[in-house]
Amino acid sequence: MIRWMLVIFVAVIVFSSALPWLEKLGLGRLPGDVRFTLFGKNFSLPFASTVLLSTVIFLLVRIL
């Protein structure tokens, strides 16, 4: 269980850093992706997009 939590945490960090590039593809604006402004900085937590990308990667690995 802890291993999966760590994997999801790392995936959210990687996805957050790649978010500006992936927004051009439409990811990062799904229902379930949280955006908020705190002290003048914009923060984004792409939970739904991370789950979607993780599912797609899992299915690709499973097929291959």
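Reader: Is Leu 53 buried, partly exposed or exposed?
Author: This is a predicted model, in which local features need pLDDT of at least 70 and side-chain atom pairs count only at pLDDT 80 or more, while totals for chains, interfaces and linings use all residues. Residues are numbered from 1 along each chain as its sequence is written, and side-chain values use heavy atoms, with hydrogens and water left out. Buried means under 20% relative accessible area, exposed over 50%, and partly exposed in between, with a 1.4 Å probe and protein chains only. Leu 53 has a relative accessibility of 28%, so it counts as partly exposed.

Reader: Which residues does Leu 53 contact, leaving aside its neighbours within four places in sequence?
Author: Leu 53 lies in helix α3, residues 47–63, where a helix is a DSSP run of H or I with at least four residues, numbered from the N terminus. Taking contact as heavy atoms within 4.5 Å, and leaving aside those neighbours, the partners of Leu 53 are Phe 15, Leu 22 and Leu 27.

Reader: How are α1 and α3 oriented to one another?
Author: Helix α1, residues 2–17, packs against α3 with the axes 10 Å apart and at an angle of about 105 degrees. Axes are lines fitted to C-alpha atoms, for helices over the stretch in contact, and angles run from 0 to 180 degrees between N-to-C directions. Angles under 35 degrees count as roughly parallel, over 145 as roughly antiparallel, 65 to 115 as roughly perpendicular and the rest as oblique. Therefore α1 is roughly perpendicular to α3.

Conventions
Helix = DSSP H or I, 4+ residues; strand = E, 2+ residues; numbered from the N terminus.
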